[in-house]
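Here is a short report on the model shown below. It covers fold, confidence and the contact between chains.

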Amino acid sequence: MEIKILGPGCPNCQDLERRVKQALQELKIEATVTKVADYAEIGKYVMMTPGVVINEKVKHSGKPLPRVDQIKSWILEEK
Amino acid sequence: MPKGGHLSEALNFFLYDVPKIYFLLLIIVFVVALVRTFLPPERIRKILSHENEFLGNISAAALGIFTPFCTCSAIPLFIGMLESGVPLGVTMSFLVSSPTINEVALILLWGLFGWKVAVVYILSGMLIATLSGFIIGRLKMEKEVEPFVYNIKPVWEKEESISWRGRFEYALEYVREIFSQVWFYVLIGVAIGALIHGYVPVEMVARYAGNQNPFAVLIAVVIGVPLYSNAAGTIPIVQALMEKGLALGTTLAFMMAVTGLSLPEFIILRKVLKPKLLLTFFGTVALGIVLIGYLFNFIF
């Protein structure tokens with residue numbers, strides 16, 4: 001599974017990354033988590049950061065940040 | 001006056017203002033977040049790509065009120081707008097209005113200065129956003145946007161429908177997030193404001209920053225730029241200073257500089273705007289803020 005965290009590296013994006021990693025850990029699922037900070041790449045997926053893309057599907061964009069439970073359900077959908 | 005008089009005055013100010021601002025914060029952020037669920041980025045993009053350009057500038061300025069993201073999260077939307085054919089000047093109006101008129105700043109203005117000043121702030125912010133976007137539109141600077149912006153092939157998904165339950169959940173979550181981010185700054189800001197209120201003599205502020213000082217507005221803008229995103233902590237202090245003689249125009253200019261112009265914003269925007277457009281953008285906005293400042297000092 002491939003997970004992309006979209007955002008220029010502001011505190012929100014870092015917080016989101018922590019939550020995604022926590023979700024993966026709690027589910028005991030392995031995935032490649034990549035941080036995408038390039039606007040040319042971010043602009044392909046979302047119009048508001050931070051964003052979460054799992055297996056090329058946009059799962060979230062903007063604030064407020066999704067809760068860990070929410071992220072878990074997306075991961076299970078794409079499993 | 002005995003020292004106890006100062007202390008009780010400061011305490012009164014503090015105990016009265018903090019609950020009031022917290023209350024306004026909870027209610028208004030909730031309402032704004034609820035309105036925002038009707039304005040997802042896809043819809044904003046559609047609204048702005050249909051109209052004639054000047055109307056576009058005005059609606060971009062108005063939509064900016066409800067979408068108070070920091071510039072880093074506004075850039076993808078900026079890209080999305082240009083991609084879908086929204087004129088450059090209209091997107092610029094949005095980029096000015098979105099950070100300048102933010103709900104936290106409005107709440108503090110309303111709570112501390114009263115609704116009239118809050119309305120004046122919204123209207124002047126919209127005026128600056130509309131006109132600076134309109135001027136940049138006339139300058140035909142489309143080539144001054146980094147070329148990659150026009151070459152992205154987006155794979156945006158369709159607008160999702162959202163239930164009322166979903167809207168309320170979103171709004172509550174948003175309130176929780178904003179509150180946890182700003183409550184402390186409000187506390188500190190009001191505490192400093194309370195001390196100024198109780199202890200700083202009126203003549204001092206009036207002498208240095210009152211209506212007589214022709215440079216007050218300029219200086220206020222210069223000081224305001226590095227205080228980015230700290231509207232919550234800054235506004236209570238400014239309010240206390242205004243009571244001690246800081247002129248209204250200077251106060252407005254200062255707050256707009258705090259929210260609308262900032263160094264981090266400048267650096268991030270450089271990724272999508274070439275230097276010439278970036279400087280034009282900041283120059284027009286700064287000029288607008290300074291003019292508004294002098295205008296209000298002149299009228300009042």
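## Fold of chain A

Residues 24 or more positions apart make up 66% of the contacts in chain A with a separation of 6 or more. Two residues are in contact if their C-beta atoms, placed from the backbone, lie within 7 Å. The model is predicted: local features need pLDDT of at least 70, side-chain atom pairs count only at pLDDT 80 or more, and totals for chains, interfaces and linings use all residues.

Chain A has 3 helices and 4 strands. Their order along the sequence is β-α-β-α-β-β-α. The radius of gyration of chain A is 11 Å, close to the 12 Å of the globule rule for 79 residues, so chain A is as compact as a globular protein of that length. That radius is taken over C-alpha atoms, and the rule is 2.2 Å times the number of residues to the power 0.38. Helices (H or I, at least four residues) and strands (E, at least two) are DSSP runs, numbered from the N terminus.

The C-alpha trace of chain A spans about 30 × 20 × 15 Å along its principal axes. Of its 79 residues, 43% count as buried (20 or more other C-beta atoms within 10 Å of the residue's own, all placed from the backbone).

## Contact with chain B

Chain A gives 16 residues to the contact, and chain B gives 21 residues. Helix 2 (residues 39-45) of chain A supplies the largest share of chain A's side, 6 residues.

## Confidence

The complex has an ipTM of 0.76 and a pTM of 0.83 from the predictor. Chain B averages a pLDDT (the predictor's confidence in each residue, from 0 to 100) of 84, and 93% of its residues score at least 70. Residues are numbered from 1 along each chain as its sequence is written, while chains are lettered from A and ligands numbered from 1 in the order in which they are written.

Methods:
Buried ≥ 20, exposed ≤ 12 C-beta atoms within 10 Å, placed from the backbone.
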